[in-house]
Amino acid sequence: MDGVLASVDRDLLPVEYGGKSDPEAITKDLRHRLATQRDTLLLLDQMEIDTEPYVHFWRQTTEGDVEFGMEID
């Protein structure tokens with residue numbers, strides 16, 4: 001947790017994680033932002049992306065390089 005606190009602004013974290021923000025206020029703000037951007041989010045959900053040019057990147061790793069969905073150094 002110390003690593004997170006060193007990298008993240010405490011104003012963004014809820015109080016129970018060492019931050020300064022009220023969890024209810026964070027939730028309220030997020031719901032407001034999602035509601036105001038609803039149309040944009042719905043359009044992004046309909047967006048189709050041609051992934052074929054990028055398939056070779058995904059096939060470069062071997063099964064041993066990935067554990068629990070995370071790449072291992």
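**Fold, surface patch and salt bridge of the predicted chain**

Along the sequence, the chain follows the pattern α-α-α-α-β-β. Its secondary structure amounts to four helices and two strands, where helices (H or I, at least four residues) and strands (E, at least two) are DSSP runs numbered from the N terminus. The model is predicted, with local features requiring pLDDT of at least 70, side-chain atom pairs counting only at pLDDT 80 or more, and totals for chains, interfaces and linings using all residues. Residues are numbered from 1 along each chain as its sequence is written, and side-chain values use heavy atoms, with hydrogens and water left out.

The chain has 73 residues, of which 8% count as buried; buried means under 20% relative accessible area, exposed over 50%, and partly exposed in between (1.4 Å probe, protein chains only). Accessible areas come from the Shrake-Rupley method with a 1.4 Å probe, and for residues only the protein chains shown count as cover.

A nonpolar patch on the surface is formed by Leu-30, Leu-34, Leu-41, Leu-44, Met-47 and Ile-49, which together have about 600 Å² of accessible area. Patches consist of residues with over 30% relative accessible area and no salt bridge; like charges are joined within 9 Å, and nonpolar side chains (Val, Leu, Ile, Met, Phe, Trp, Tyr) within 5 Å. Helix 2 (23–36) and helix 3 (38–46) each supply at least two residues of the patch. Leu-34 lies in helix 2 and counts as partly exposed because its relative accessibility is 42%.

One salt bridge is counted, defined as a side-chain nitrogen of Lys or Arg within 4 Å of a carboxyl oxygen of Asp or Glu. The salt bridge joins the side chains of Asp-11 and Lys-20 (3.8 Å, N to O). Asp-11 is partly exposed, at 41% relative accessible area, whereas Lys-20 is exposed, at 62%.
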